[in-house]
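Please keep the model open while reading.

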Amino acid sequence: MPRNRTSQYNATIWTTIMVKQLIKVAEDPTVGRYVAANVDLAAWQVALVERPLIRGPSQVTRPVCLGCLKSITADSAVRCERCGWPMCPDSNCSDDEWHKAECDWTVTRRKQKIEIKDFTNPHPSYQSITVIRCLYQKHNNPEVWAKLTKLESHCASRRGGSKYETDRIWIADHLQRFFKLDPTEWPVDEILRVCGIVQVNGHEVPLTDPPYVAIYDAGSMLEHSCVPNCSKSFTRDGHLLIRTAAAAVESGGHLSISYTDVLWGTAQRLAHLADTKFFVCKCPRCSDPTELGTYFSGVKCATEDCMGYSLPNVHPSTNDPFDVEWMCNFCFTVADPNRIELSLAHVGRDMAAMNRRDPKHCHMFLDHYVSAGDLHPNHYYFTEVRLNLAQLYGQLEGQPLDTLSPEQLSHKRELCLKVLKVADALFPAECRIRGALMFELHAVMAEDARRSQHDTNAVMEALLRSKSYLEQAENLLKYEPKELPEGQMAAQCKQNAIDLDLLLKKLHESIGSAPM
């Protein structure tokens with residue numbers, strides 16, 4: 001989004017103050033640079049708000065406006081008068097600070113305007129934009145360049161891999177040819193190092209469709225944990241926002257976020273982290289086969305009459321993300337990994353084929369596979385479907401909450417509580433998931449109150465529980481931007497709180513006793 005110099009300066013100063021007062025960047029021989037609390041941080045406290053060093057489109061993307069990074073079409077796009085790159089109709093986007101890099105290189109180095117014709121498929125010309133924006137800082141903003149080049153690139157680990165070679169051909173070689181770069185000034189190894197910096201440190205920012213990528217300074221030094229003590233979100237203008245989770249962090253304590261999807265099982269998380277971040281995770285969750293007592297990855301043991309589950313055991317000294325031994329927690333039999341893979345693939349195929357917008361299909365999937373007993377009842381497949389179904393009930397067009405049967409309303413409540421129990425153990429810092437579930441429970445209790453209108457005590461109890469859930473939802477979601485569904489939910493929380501307080505006041509006046 002367009003920013004004048006004053007707003008940029010103020011944002012940078014605000015970020016610097018937040019960093020200096022609340023957090024500090026330290027270094028350790030084992031973990032390298034990390035972020036720690038500089039003071040005691042309370043639960044749910046904002047610890048960092050940081051403007052990106054660089055932002056740009058994802059490497060694989062259809063054409064987007066290179067100012068606001070929102071999707072454009074052949075009909076809506078207008079060409080930048082200087083460089084020809086397609087932009088959205090907003091005249092400010094051609095003058096956007098982030099667009100200056102590729103615009104300048106196109107004008108001064110290529111000396112020929114860009115012409116994009118295909119707007120429906122991922123376009124190869126966009127693969128290198130974010131890398132260009134990093135390289136551009138070398139001569140135009142040395143301070144940002146210095147911060148970027150201090151970030152980890154993992155070039156040694158990447159070298160020889162398919163992604164590294166693809167980047168060599170489609171980014172490094174392409175940039176040298178397309179923009180006529182002098183290889184002595186812009187060597188291939190330096191370009192590939194920047195590719196690694198983008199891959200390892202880039203955050204997907206879901207504020208646009210499609211999402212874009214941003215790189216932050218202090219934000220890149222937050223440690224990873226599959227059970228982090230901080231949550232990550234973004235402000236409306238793309239600043240990274242880090243806040244502590246439900247537990248306070250003492251001064252000197254390391255701050256962590258999750259680099260992967262907390263709804264994945266251990267084997268999936270390990271593979272993803274090794275492929276994209278080049279390390280084998282040994283956090284408390286990955287090191288515990290039961291995943292903190294949830295059995296989130298559990299597959300029924302194949303031994304006859306055994307009541308246990310095969311669980312992923314990661315050897316503490318391994319550096320191989322695929323060195324996972326599946327052992328039964330009851331009879332200690334080591335399972336054939338191929339059998340585990342086949343069991344998961346069978347359920348996974350059915351889940352992929354299921355219509356996720358149809359509550360009946362989701363219900364049938366859960367009924368069939370949970371009762372089959374091949375996976376633990378808390379398995380990540382079931383948790384994902386429960387989360388989806390809990391939010392479907394009462395939100396589909398033509399099927400509002402007040403049309404649900406008593407059984408459906410009860411099932412919605414049950415689903416929310418089951419997912420929340422797992423969430424409290426495995427991802428207590430996931431504000432968006434937990435906040436959305438609290439909001440759904442608030443709605444369930446409000447509907448319970450409406451249906452109990454002839455029982456004043458039941459109405460009061462239901463409304464007070466509804467208010468409690470609503471307050472928790474508002475606290476969890478209050479920093480989410482309105483561009484996200486959770487941000488819109490946060491705005492709804494505020495309005496619902498006003499309505500609920502008025503209703504409680506009227507009820508109090510009618511019965512003559514104040515609610516607790």
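Buried means under 20% relative accessible area, exposed means over 50%, and partly exposed lies in between (1.4 Å probe, protein chains only). At 52% relative accessibility, Lys 180 therefore counts as exposed.

The model is predicted: local features need pLDDT of at least 70, side-chain atom pairs count only at pLDDT 80 or more, and totals for chains, interfaces and linings use all residues. Residues are numbered from 1 along each chain as its sequence is written, and side-chain values use heavy atoms, with hydrogens and water left out.

Most residues other than glycine have a negative phi, and most peptide bonds are trans.

Helices (H or I, at least four residues) and strands (E, at least two) are DSSP runs, numbered from the N terminus. A cis peptide bond joins Asp 209 and Pro 210, with omega about 0°. Pro 210 sits in the loop between β7 and β8.

**The sheet**

Two strands pair if DSSP finds at least two bridges between them. Strands β7 and β8 (residues 212–215) pair in the antiparallel sense over three bridges. Val 205 has Tyr 212 in β8 as its bridge partner. The order β4-β8-β7 makes an open sheet of three strands with antiparallel pairing. β4 (54–57) and β7 (203–205) stand at the edges with a single partner strand each, so one side of each has no neighbour in the sheet.
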